[in-house]
Structures are given as C-alpha cells and as structure tokens.
Amino acid sequence: MEGAGYRVVFEKGGVYLHTSAKKHQDPDSLIAGVIRVVEKDNDVLLHWAPVEEAGDSTQIFFSKKDTSGGDSCTSEEEPTFDPGYEPDWAVISTVRPRHRHSEPTRGAEPSSPRGSWAFSVSLGELKSIRRSKPGLSWAYLVLVTQAGGSLPALHFHRGGTRALLRVLSRYLLLASSPQDSRLYLVFPHDSSALSNSFHHLQLFDQDSSNVVSRFFQDPYSTTFSSFSRVTNFFRGALQPHQEGASPDLPPAPDDEPEPGFEVISCVELGPRPAVERAPPVTEEEWARRMGPEGRLQQVPELKARIFSGGLSPSLRREAWKFLLGYLSWEGSAEEHKAHVRKKTDEYFRMKLQWKSVSPEQERRNSLLRGYRSLIERDVSRTDRNNKFYEGPENPGLGLLNDILLTYCMYHFDLGYVQGMSDLLSPILYVTQNEVDAFWCFCGFMELVHGNFEESQETMKRQLGQLLLLLRVLDPPLCDFLDSQDSGSLCFCFRWLLIWFKREFPFPDVLRLWEVLWTGLPGPNLHLLVACAILDMERDTLMLSGFGSNEILKHINELTMKLSVEDVLTRAEALYRQLTACRELPHNVQEILGLAPPAEPQSPSPPASPLPLSPTRAPPAPPPPADTVPQPDSSLEILPEEEEEGADS
C-alpha cells in the first residue's frame, strides 16, 4: 500500500489492546486494531490504530512521555495504564497515548474514545521489545521506548508476532538479552557513521550522500564499487561494561537496570605455539596415494597434507574437483568418468534453457534481462589484469558469462549476485574447462551461498563470530576498536564475503582457498585468517592512534600486500592456542568445531528471524569429578523461540 510520501510495508489485523488490568477481559475492554510498519519521509514508523480508525497511517504521531510535570500522563486525571497480569511488567512504567493535537486520522472523530488509543512510533524511538511467555492464550508484544515508557501491549489474536519481528529486523538489530530470553534489546543501524566515513575518505566518485541507502538496497554492488563498510551491527550491544549494564543503555525507571550483556571475561590463553608450513603436495605424492581402480587412499592424511602445504600448481586441476565435491574421494576412476558424463549432460541441458530464449521472450522476462546485464558488467571487469582474462575478445570472459548464466538456471532462488564472478574466476583459471568449472563453482557456492542471500543473516552471524574470537584472543585490540567506533569489524565485510579474493595476489588466493576447502583443522578457519590479519596489524592500528576513518583506510591499503603463507601460519597458531585453553567458552568451542552447536529448546522454522544474540550458553551437563568445570559462555547466536499461543 502506498500513498503520498509513505508506503506500508507490513500490515496485520486482529491485533488487540486489552485495556483492563483484569486477567479475564470482558468484550468492552478489548479494542481490535491493525498494526502497520510504514515508511514515511525517510523514517520508518510502527503504527497501531483501531479498526474504525485504521484508514490513514501517516497522520498519527507518538507523543513522548512528558517529563515537565505539566501534562503528565501519570496524573490523577489520567492514570497510568498497566496491563497488569504479568508480574514482571511491574518494573516497566507505561505511557498511555495522549490525545493528539495534530490533524485527526481519516475516518475517526477527534473525540472518539477508541481513537485515543491509536499511536505511531518511529523505530528509532524503540529501546526494547518484550515477548509473551509460552503458554498464554494470545501472544503479545510490549514495546519500550528510549524515554523509558512502554506502549500498550499488543495482543495478536490471529498470530503474527514472528512476522512483525522479522520485518522490524530489516531496520533494526534485535539482540536477545542473556538474562531474559523474551526481551529483545533494540539497536539501530548506525548509517550516519557509515556515511561519514565514506564522505571523509572520498571512496566514491559520485556524491556519497545516498551511499548508505544504496548500500542497504544493494549491499554487494556498493561493496564492490569500492571498499565499503557494513552497517555497524554490534556497536553498543557488544561493548564491555560493568555489572551487567550496557553503557549505551540508560537505566530503566526506578533505577531498575535493563538486563545487559555478558561479555567474555578475560580467558587465560597459553603461549602461542610455533607453526611451520609444509611444502605443497606434488603430483608424485598424489599418485602414490592412488590405489587400485583409481581410488584415493588415506584421504584424511591427504587432506591434512593439503591443509599444511597446499597443492602444487600442476595438481590443482585434478585435486580441486575432489576438494569442491565434484568428484567423490571414495570413487573409482570408472565411477568418476560416468559421473562426469552425467554432469556434462546436465550442464548443457541447463545452459540450453537460457540459450534457447528468443529476443521476444527475453523482452518479457525482466529477471533474465537483469541477470544478463549484471553478469556482463561484472565479467567485463573481473581479473582483467590476469593473462587468462586479458584482451577485449578473450574467450575466458565468454565462459565466465555462460557459467554464471547457467548457474541462474541451476539455483533459481539465489540467481546471480555481484561478487560471484570473483569466486568463479580462479576456478575457471585452474580447471580451464567449462563443465568442470561450473560444478566446482557449485560446490564452492554450497559453502558460501549464505553470504549472498538478501537477508545478510549469514554475514551478520560471521561478523559476530569474528568479534567473539577476537574478543578472546586480543581484548585490548577489541577495546581499542570499540573506542574508535570500529568494534563491529565492519571493515572485514569484504574479507568474509568473497573469502579474501581481493586481499591477496591471484596465486596466493589459489593457495588460500585450497587450504580452506579441506575443512581443517575445523570449520570457520576463514575467521581465524581474519583474526591473523588483524593480529599482524594490531601494533600499527593501536600505536598510530588511528580513528575509524584511518582504520578503514589502512585496512583497505593492505590489499595485495599480505603474504598468504604468513597469514596461514599465524591462523593455525591462533587455532592451536585457542584449543589448548581448558577454559575456552562453549560458544567459542562451537565456532572452532570443538563442541556441537547447542540445540534450541524448541524448533524454529527457517523463515523465523535469527538475531545475533549475545547471551549465555544453555547449561551443560555436570562434568565428571576429575575434570575442570567449563565456564559459562557469553556471546552466542540463538535461534528464534517457537511462537506461542495463537502464533504457533
């Protein structure tokens, strides 16, 4: 729904206010209404209105709590409204919406008693959102504002709390409190700091005033047009604090502190071990591990060798097919030949799907036109300084184009997103075969496809995990980055998105990727690679007195100046240092693959929001008497709770 200057992005009926403090409501105390999320004049509003006044969602403005005492909503004439039947609500002061002096809503009389309950609040005014306990008849949400008051509880008689939270997560970071799993603390996406960094660094040729809005609409295009930053997802939420209170969160009324975040206490790490890289695996060594019928033998030991030394360039064309899952490690030579024949037929059938589209059909297929245009533009500037792709009529560019368009047929839901050409280019360079490159690329995308999903939940999760690892490894560096408004590590976004493709010289990227593809020594080695780079640069960052802009600029200038062998050596040393710690927090163990992920208490569908939630880990079973108890963890990613009541 759109109007002059506004757009309704979410609407849900059957959302009631319970205006009586009694546990059992009578019909007269229930006010049916509609909840909407409205984009208006560069702001996003959450609006509720009774059904008879739900016509115009743009004319109602939330009245903040008046602290002057002149017209207080807590006066005897207008008592404070409190839903009342939840004991823990007693710590939340509430603000009843006052009669507005602005233009009344369409279809509502200014004196309408039900219309007086309507409210509209900017999402930037929100401080926290509380969900109802499981088992109540109707699910509800309580919205608490930055001013310390709460809006009337919204009871979803027809379900919809999960859908609303999912929409709100587009505009806000919703972080679960560790001390109250039903309380989401709200942090805005701090786009002003991001835009300011772009402006001062002059990273964009054009006017940077709309950089942030373009970033949220097309994060990948904006990322690759220059080195950019992601929204500061975690600033404030993950900063150190004392006594469980976040410094960015003012205390709630009556000196009742808002539940805060547990931050990792100082973990005592042992000395960092020395690590030496091994020489690359040669064709002769590979051949010695080839058994009867062309089956590879001692595969775990072979993977360990690839991890510790990489592959010789002449071996990559064959070995990458195994590392990327195109060929099975257990298959025989004959089985591999049959598999390649099958996959070749399958590839050309998919390629024919877009090749056979006539110009007349394509004029009516905006999605295919969009993919074709974006791919052509990206391919034309992918690794053009590499001899394999240089020149105006280079056949390698045509193969890149065809493979990426065929991938759109293979993965309809994802299609093509800017940055994928960076991942395909080294694979095609190594395999030099269209079909092999396609299926190896598909295997790589199985590992990183979440990086390119529109929700960016995977990227948010990885940035949170990276911050958690760095907090354990180097708390002083984290504190310094926090002090310079860089504690979200948003400058690492491009590193994680395309696995350091633009940070190392092309031959080093080949070595880095084949080591990461082994899956050793555990999952998320790429996060330790990021930690290793930051560890190598910590003195430069901290002793030079860099601010946020200088940090971003320095990280950008590291491109093509890093040694992959030095970085891999340090990353492995960091892994060994962490795994040698007996008191490693449980969620750090999960990241390193040392402990299975904690199972949620109730299942959650994939569509539910997955906010980054600094919180405690679930209680572990009692340790044996002869072991040292593991400390409670501090920063974890928790799945959304199962919707309760009518929302289930």
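**Reading helix packing, a strand pair and burial**

Modeller: Helix α15 passes α18 in a left-handed crossing (the near helix is turned anticlockwise from the far one by less than a right angle; clockwise is right-handed). The model is predicted: local features need pLDDT of at least 70 and side-chain atom pairs pLDDT 80 or more, while totals for chains, interfaces and linings use all residues. Residues are numbered from 1 along each chain as its sequence is written, and side-chain values use heavy atoms, without hydrogens and water.

Colleague: At what angle do α15 and α18 pack, and how far apart are their axes?

Modeller: Two packed helices are described by the angle between their axes and the distance between the axes. Here α15 (residues 475-483) and α18 (residues 525-543) pack at about 55°, with axes 11 Å apart (lines fitted to C-alpha atoms over the stretch in contact; angles run from 0 to 180 degrees between N-to-C directions). That makes α15 oblique to α18 (under 35 degrees is roughly parallel, over 145 roughly antiparallel, 65 to 115 roughly perpendicular, the rest oblique).

Colleague: Which residues of α15 and α18 meet?

Modeller: Pro 476, Leu 477 and Phe 480 of α15 meet Leu 534, Arg 538, Leu 541 and Met 542 of α18 (heavy atoms within 4.5 Å). This contact holds six nonpolar residues, no polar and one charged (Asp, Glu, Lys and Arg are charged; Ala, Val, Leu, Ile, Met, Phe, Trp, Tyr, Cys and Pro nonpolar; the others, Gly among them, polar).

Colleague: What is the handedness of the crossing of α11 and α13?

Modeller: That crossing is right-handed. Helix α11 (residues 395-410) and helix α13 (residues 434-448) pack at about 50°, their axes 10 Å apart, and are therefore oblique to each other. Their contact divides into eleven nonpolar, one polar and two charged residues.

Colleague: Which way do the residues of strand β5 point?

Modeller: In a regular strand the side chains alternate between the two faces of the sheet. In β5 (residues 119-122), Phe 119 and Val 121 point one way and Ser 120 and Ser 122 the other, all buried (under 20% relative accessible area, 1.4 Å probe, protein chains only; exposed is over 50%, partly exposed in between). Strand β4 (residues 43-50) runs antiparallel to β5, joined by four bridges, and Leu 45 stands opposite Ser 122.

Colleague: How many helices and strands does the protein chain have?

Modeller: The chain has 21 helices and twelve strands (DSSP runs: H or I of at least four residues, E of at least two, numbered from the N terminus). Of its 648 residues, 54% count as buried. Helix α1 (residues 161-168) is mostly covered, with six of its eight residues buried, among them Thr 161 and Arg 162.

Note on methods:
Two strands pair if DSSP finds at least two bridges between them.
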